[in-house]
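Here is a short report on one chain. Look at the sequence and the model first, then read on.

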Amino acid sequence: MIRCLLTLGLLLMPLFAMAADPGIPALTLTTDADGGQSYTVTLQILALMTVLTLLPAALMMMTSFTRIIIVLSILRQAMGVQSTPSNQVLIGLSLFLTFFIMNPVFDTAYQNGVKPYMDGQMEMMTAAENASQPFKDFMLAQTRETDIELFSGIAGHPALESAQDVPFSLLLPAFVTSELKTAFQIGFLIFIPFLIIDLVVASVLMAMGMMMLSPMLISLPFKLMLFVLIDGWALLMGTLASSFYV
């Protein structure tokens, strides 16, 4: 997890370098007329704090987090349990599954960019470029060509000769759009079995004349039993993880 944060931080360091002049001191000590001292924080620290606020967005938009959290949310809705598991549990599960899936990408980015930069063997801009390459390869593998062409046409970008020529300004929105499409496709397949159970239960209740009884209330135990019997959590986690490396 520490490598993940260091890597994402290094990817955002060029923004910090552009936002603040390295020659400006981060903290200024001023002596007052009465002999007292006061400290003034410069814009450099404010720029750094602004960049740090982008880390959660980078974690969600440049990794597998988006697909995972959407699929888990659709699963909860399909089962008919509105608040179980809670949002905190779903986000925590999605976060740690994201670290598991992205671990090879984080390790490669750390070895190629973060570690040489921390050892003083590489300049910041070069290190950021090397660290971003594994993320770019991962995102390109998950992004549909039609989505890249869509945003390339909107931006009026010149024709791209190869996938490696796609800039991050086009790759990021195309990747997120592709992830949303994939997540909803997986969610559709997950929803079908639970929908069939709801239809069967509703038909049985109507045939028995129990129209005042909620079908959702009756079908919930059957959906939970089905999910447990097929070892649904392990099956879902394994499917989500393998979907990124097919």
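Lys-136 is in contact (heavy atoms within 4.5 Å) with Ala-163, Gln-164, Val-166, Phe-168 and Leu-171, leaving aside its neighbours within four places in sequence. This lysine is found in helix α6, residues 124-142. Helices here are DSSP runs of H or I with at least four residues, strands are runs of E with at least two, and both are numbered from the N terminus. Lys-136 counts as buried because its relative accessibility is 11%. Buried means under 20% relative accessible area, exposed means over 50%, and partly exposed lies in between, with a 1.4 Å probe and protein chains only.

This is a predicted model, in which local features need pLDDT of at least 70, side-chain atom pairs count only at pLDDT 80 or more, and totals for chains, interfaces and linings use all residues. Residues are numbered from 1 along each chain as its sequence is written, and side-chain values use heavy atoms, with hydrogens and water left out.

**Confidence and overall layout**

The pLDDT is the predictor's confidence in each residue, from 0 to 100. It averages 77 over the chain, and 79% of the residues score at least 70. Residues 15-24 have a pLDDT below 50; this stretch has 14 contacts in the model beyond near neighbours in sequence. Where pLDDT is low, the predicted coordinates should not be read in detail.

The chain has 10 helices and 2 strands. From the N terminus on, the order is α-β-β-α-α-α-α-α-α-α-α-α. Of its 246 residues, 37% count as buried. Among the contacts with a separation of 6 or more, 70% are between residues 24 or more positions apart.

**The core**

A nonpolar core is a set of buried Ala, Val, Leu, Ile, Met, Phe, Trp, Tyr and Cys residues joined through side-chain atoms within 4.5 Å. The largest one has 44 residues, and Leu-236 and Leu-240 have the most contacts inside it. At least two residues of this core come from each of α3 (55-61), α4 (65-79), α5 (87-118), α6, α8 (168-207) and α10 (232-242). Helix α4 gives the largest share, 10 residues. In soluble globular proteins, nonpolar side chains tend to be buried together.

Which residues does Leu-236 touch, not counting residues up to four places away in sequence? They are Val-71, Leu-72, Leu-75 and Ile-190.

**Where α4 meets α5**

Two packed helices are described by the angle between their axes and the distance between the axes. Helices α4 and α5 pack at an angle of about 145°, and their axes are 9 Å apart. The axes are lines fitted to C-alpha atoms, for helices over the stretch in contact, and angles run from 0 to 180 degrees between N-to-C directions.

On the α4 side, the contact involves Phe-65, Ile-68, Ile-69, Leu-72, Ser-73 and Arg-76. The α5 residues they meet include Asn-87, Leu-90, Ile-91 and Ile-101. The residues of this contact divide into 10 nonpolar, 4 polar and 1 charged. Here Ala, Val, Leu, Ile, Met, Phe, Trp, Tyr, Cys and Pro count as nonpolar, Asp, Glu, Lys and Arg as charged, and the others, Gly among them, as polar.

The table pairs C-alpha atoms.

| Pair | Residues apart along the chain | C-alpha separation |
|---|---|---|
| Ile-101 and Tyr-245 | 144 residues | 9.1 Å |
| Pro-116 and Thr-126 | 10 residues | 9.9 Å |
| Leu-180 and Thr-66 | 114 residues | 7.4 Å |

Ile-101 is found in helix α5. Its relative accessibility is 3%, so Ile-101 counts as buried. Beyond four places in sequence, Ile-101 is in contact with Ser-64, Ile-68, Leu-240, Ala-241, Phe-244 and Tyr-245.

Pro-116 also lies in helix α5. At 12% relative accessibility, Pro-116 counts as buried. Its contacts, leaving aside neighbours within four places, are Tyr-110, Gln-111, Gln-121 and Met-122.

Leu-180 lies in helix α8. This leucine counts as partly exposed because its relative accessibility is 35%. Leu-180 touches Thr-66 and Ile-70, not counting residues up to four places away in sequence.

**A loop residue**

Most residues other than glycine have a negative phi. Asp-231 is not a glycine, yet its phi is positive, about 55°. This aspartate sits in the loop between α9 (215-229) and α10. At 48% relative accessibility, Asp-231 counts as partly exposed.
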